[in-house]
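Dear colleague,

Please find below the structure that I am handing over to you. My notes on what was found in it follow directly after.

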Amino acid sequence: MPFSLIDLGWNTFFEAQVSKEDSQNFTIARVAVEYKNHYLLYSGIGELEAEPSGKLLYSASAKSELPKVGDWVLITPYDSDKAVIQSVLKRKTC
């Protein structure tokens with residue numbers, strides 16, 4: 001079941017961080033649950049299980065830079081219910 005991004009808290013602060021190219025190449029999602037090595041995401045295409053990309057894991061200089069519950073992320077979906085997290089948008093609060 002798809003989710004409304006606005007109902008999930010999407011606003012202009014986050015929208016300003018997504019380029020036109022990003023919006024064409026990736027799907028926006030919100031982290032709902034964080035497990036040890038994977039995540040449950042809510043997005044406009046529904047609920048997805050996700051893992052961070054190797055690039056995201058490699059580029060994170062601290063664990064705090066990895067996705068946390070409530071974060072907005074750009075993802076690449078595959079299969080019908082799986083995705084790879086490509087990047088984490090800047091947090092409005094910490």
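In which strand does E51 lie? E51 belongs to strand β3, which covers residues 46–52; helices (H or I, at least four residues) and strands (E, at least two) are DSSP runs, numbered from the N terminus.

Two remarks on the basis of these notes come before the details. This is a predicted model, in which local features need pLDDT of at least 70 and side-chain atom pairs count only at pLDDT 80 or more, while totals for chains, interfaces and linings use all residues. Residues are numbered from 1 along each chain as its sequence is written, and side-chain values use heavy atoms, with hydrogens and water left out.

Negative patch

E51 is partly exposed, because its relative accessibility is 48%; buried means under 20% relative accessible area, exposed over 50%, and partly exposed in between (1.4 Å probe, protein chains only). Together with E47, E49, D79 and D81, E51 forms a negative surface patch. Patches consist of residues with over 30% relative accessible area and no salt bridge, with like charges joined within 9 Å and nonpolar side chains (Val, Leu, Ile, Met, Phe, Trp, Tyr) within 5 Å. Accessible areas come from the Shrake-Rupley method with a 1.4 Å probe, and for residues only the protein chains shown count as cover. Lys and Arg count as positive and Asp and Glu as negative, whereas His and the chain ends are not counted; the place of a charge is NZ of Lys, CZ of Arg, CG of Asp or CD of Glu.

D79, a member of this patch, is placed in the loop between β4 and β5. D79 counts as exposed because its relative accessible area is 63%. Although D79 is not a glycine, its phi is positive, at about 50 degrees.

Salt bridges

A salt bridge is a side-chain nitrogen of Lys or Arg within 4 Å of a carboxyl oxygen of Asp or Glu. By this rule there are 2 salt bridges.

One of them joins the side chains of E34 and K68, at 3.6 Å from N to O. E34 lies in strand β1 (residues 27–34) and K68 in the loop between α3 (54–59) and β4 (72–78), so the pair ties together parts that are 34 residues apart in sequence. Both partners are partly exposed, E34 at 32% relative accessibility and K68 with a relative accessible area of 23%.

R91 forms a salt bridge with D71, and their closest N and O atoms are 2.8 Å apart. This pair links distant parts of the chain, 20 residues apart: R91 is in the segment after β5 (82–88), and D71 is in the loop between α3 and β4. R91 is partly exposed at 28% relative accessibility, whereas D71 is buried with a relative accessible area of 7%.

S43 lies in strand β2 (residues 39–43) and is buried, at 0% relative accessibility. Its side chain reaches the backbone nitrogen of I45 at 3.1 Å.

S53, in the loop between β3 and α3, is also buried, with a relative accessible area of 9%. The C-alpha atoms of S53 and A83 are separated by 9.5 Å, and the two residues are 30 residues apart along the chain.

F13 is in helix α1 (residues 12–15) and is partly exposed, with a relative accessible area of 28%. Between the C-alpha atoms of F13 and A29, which are 16 residues apart along the chain, the separation is 15 Å.

With kind regards

Key
Polar contact = N/O pair within 3.5 Å; in protein donor to acceptor, adjacent residues only side chain to side chain.
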